[in-house]
Amino acid sequence: MSAAMIDGKAHAAALRAQVAAAGARFREELGRPAGLAVVLVGDDAASGVYVASKARATLEAGMESFTHRLPASATQAEVLELLASLNQNEAVDGILVQLPLPAQIDETAVIDAIHPDKDVDGFHVLNAGRLAIGQNGLVPCTPLGCLMLLRACRGSLAGLRAVVVGRSNIVGKPMARLLLAQDCTVTVAHSRTRDLQSVVHDADILVVAIGRPLSIPGAWIKPGATVIDVGINRIDDPTGSGKSRLVGDVDFDSAALVAGAITPVPGGVGPMTIAVLLRNTVVAARRRAG
Ligand code: GUN
């Protein structure tokens, strides 16, 4: 292995310490802690685990945590009513609705019912628009965490060729906009891209977020490239042990032989997402306080 390992856990711990300090200053000056409300609709087990770990991290950072659980049978009107009350609640600075939502609920309508100044996920159409035109809004947590890792690893990104594989509203599109704002030359590749291998091979910076395990082999990667793997996929262990393991969208073992630096899975991008969520909550609290 020649690539340097990008230690997401260590970067996330440093960010969480900074956020806790900023949160403590906020509490001292404003006389109340910053508050994050998380809404979980239904009983998806994985979502339940994510929501519990967000609540724990919020409390550990010295902030106030509000968790609201609605049943899987909840109506759209009930979700919107809850969001209206959280929008009004002065103790709540950030609101996050855990996705995915049950089929009867219109995800876009729910996201856009969150007050944009409390939209710590950065998914509201106003915040997506602000990011697209370079205005200061709230930025989605995972791509912002990826950018922080890239800046820590490479310093200035100006002039570098960046390839983002994946075009979701949650990761791919905001990631491309953040890299463009850093003066990268950005290509967004996706499931319909022709000759993905040669597109990937052009990248000085490669960010992969497609949710398909081990899809990018090391042979495709430009020697010395910085590789950020957003994928977290559970697969059966190929040794036939009957166990499963977590892997990324990139084939780590072969990619680490050619890349200059690479994020592991787990322990790369994952820990940054929650740290940035806490950071966004303190940023939202500060902006709301004026
Ligand atoms: N589900 C999976 N990722 C996310 C995320 O970043 N935000 C929210 N709200 N739900 C998710």
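Modeller: A quick word on naming before we start: helices and strands here are DSSP runs, numbered from the N terminus. Also, this is a predicted model.

Colleague: Good to know! So where does Ser168 sit?

Modeller: Ser168 lies in the loop between β5 (161–165) and α7 (172–181).

Colleague: Which residues does UniProt list as "binding site"?

Modeller: The unreviewed UniProt entry puts that feature at Gly166, Arg167, Ser168 and Ile232.

Colleague: Where's Ile232, then?

Modeller: Ile232 is in the loop between β8 (226–229) and β9 (233–236). With 16 other C-beta atoms within 10 Å, Ile232 is partly exposed. Setting aside neighbours within four places in sequence, Ile232 contacts Leu246, Gly248, Val265, Pro266 and Gly270.

Colleague: Switching topic: how is the protein divided into domains?

Modeller: Domain 1 covers 31–116 and domain 2 covers 141–271. Their centres, taken over C-alpha atoms, are 29 Å apart.

Colleague: How do α6 and α10 cross?

Modeller: The axes of α6 (residues 141–154) and α10 (residues 270–289) come within 8 Å and cross at roughly 105 degrees. That makes the two helices roughly perpendicular.

Colleague: Which residues meet there?

Modeller: Among them are Cys141, Leu144 and Met148 from α6, and Met272, Val276 and Asn280 from α10. By class, that contact has eight nonpolar, four polar and no charged residues.

Methods: Residues numbered from 1 in each chain as written. Predicted model: local features only at pLDDT ≥ 70, side-chain atom pairs only at ≥ 80, totals over all residues. UniProt positions renumbered as here; feature names shortened; annotations may be inferred. Helix = DSSP H or I, 4+ residues; strand = E, 2+ residues; numbered from the N terminus. Buried ≥ 20, exposed ≤ 12 C-beta atoms within 10 Å, placed from the backbone. Contact = placed C-beta atoms within 7 Å. Domains from an automatic or database assignment. Axes fitted to C-alpha atoms, helices over the stretch in contact; angles between N-to-C directions. Parallel < 35°, antiparallel > 145°, perpendicular 65-115°, else oblique. Nonpolar A, V, L, I, M, F, W, Y, C, P; charged D, E, K, R; others polar.
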